[in-house]
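User: Please take a close look at one residue in this model. Then set it against the protein as a whole.

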Amino acid sequence: MTAKKDKIAIIIAGIVIGIIAAALAYFGNPKNMGFCIACFLRDTSGALGLHRAAPVQYIRPEIIGIVLGACGCAIAKKEFSPKGGSSPMTRFVLAFSAMVGCLMFLGCPFRMILRLAGGDLNALIGFVGFAVGICAGIVFLKKGFTLKRTYKLPLAEGFALPVIEIGIFVLLLAAPAFIFFSEEGAGPGAMHASIWLSLIAGVIVGGLAQRTRLCMVGGIRDTILFKETRLLLGFVAILVAALITNLVLGSISGTPFFNLGFDGQPVAYNDGLWNFLGLFLVGFACCLLGGCPLRQLVMSGEGNTDSAVVVVGLMVGAAFCHNFGLASSGEGPTANGKIAVIICIIIVAIIGCVNTLRKAE
């Protein structure tokens with residue numbers, strides 16, 4: 001009965017999150033990007049001056065809301081637990097690599113689902129790559145891959161990232177001269193819902209994800225390893241809810257939010273090979289990390305400093321991609337980006353081998 005209730009709860013959470021994600025695009029976020037952890041961390045990195053790509057600079061309140069929503073729920077349920085110290089630099093490198101893959105595909109696993117809900121069939125190819133990447137990670141998990149144990153930390157360590165997020169939100173409201181924002185019409189960074197609507201949406205998603213342990217990587221991993229589909233059901237619910245919401249909003253507004261096909265998709269390109277390899281890298285790296293970017297944000301809100309290191313790694317990776325021409329655009333992947341994806345796949349494989357052999361010893 002408990003297992004059945006858990007599945008019902010995660011399906012309901014997925015429906016709510018899918019509706020919210022699709023609605024955010026209606027209220028101003030880029031199409032098929034009501035939520036994208038990778039894209040929003042990239043935009044925030046740009047706003048903080050870590051990169052100077054003018055079209056993608058904006059402090060995304062959704063990210064702040066996810067961390068604070070997860071933190072609030074964890075505290076309320078007495079699940080806030082400051083801990084960390086599990087191979088922080090390895091986690092940083094894996095997160096950096098995952099972001100290279102995300103910006104090759106132009107989205108995280110969350111946006112992959114939303115792109116599918118918007119009719120973007122390129123995301124279907126990406127999904128196959130993502131699943132194969134997770135399978136590659138599972139090979140190492142079965143052989144004993146480990147990033148070693150975590151340690152209990154002082155309370156202040158666990159609250160570090162949530163407090164930083166509050167500080168970033170203050171910067172968003174104050175908009176000082178040293179914070180960068182994309183000019184209207186300049187690109188995805190200039191497209192956003194209102195600050196408070198975005199923040200509330202993030203808080204709700206963060207709270208629901210914390211209570212249900214929602215994780216796309218975990219969903220596919222658990223289905224393959226244990227035949228347990230609970231987590232996967234949450235993302236199926238997001239897909240269905242976002243798809244229906246897109247169709248309804250398109251009918252109401254007269255602006256299509258669903259466009260089935262490969263061509264003409266918002267913030268996307270139709271090179272199947274690099275869509276596949278981009279999300280292959282994301283699935284591979286995140287499987288070894290133990291969770292997708294959304295799950296890492298949620299765990300950082302729960303006091304996990306290892307996940308906070310992952311978030312920092314994702315942000316630095318995003319800045320690096322834009323500073324050195326690795327990020328794709330709607331016109332397709334760059335030559336530098338292709339090279340970076342191959343190098344990162346090799347690096348992730350080496351990390352898998354090293355940490356598996358260490359376990360064997």
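**Thr305 and its setting**

Thr305 lies in helix α13, which spans residues 305-323. Helices here are DSSP runs of H or I with at least four residues, strands are runs of E with at least two, and both are numbered from the N terminus. This is a predicted model, where local features need pLDDT of at least 70, side-chain atom pairs count only at pLDDT 80 or more, and totals for chains, interfaces and linings use all residues. Residues are numbered from 1 along each chain as its sequence is written, and side-chain values use heavy atoms, without hydrogens and water.

Thr305 counts as buried because its relative accessibility is 14%. Buried means under 20% relative accessible area, exposed over 50%, and partly exposed in between (1.4 Å probe, protein chains only).

What does Thr305 touch, leaving aside neighbours within four places in sequence? Its contacts are Lys83, Gly84, Gly85, Leu153, Glu157 and Gly158. A contact means heavy atoms within 4.5 Å.

Now the whole protein. It has 14 helices and two strands. Its radius of gyration is 19 Å, close to the 21 Å that the globule rule gives for 361 residues, so the protein is as compact as a globular protein of that length. That radius is taken over C-alpha atoms, and the rule is 2.2 Å times the number of residues to the power 0.38. Along the principal axes, the C-alpha atoms fill a box of roughly 60 × 50 × 45 Å.

Buried residues make up 56% of the 361. Of contacts between residues at least 6 apart in sequence, 81% join residues at least 24 apart.
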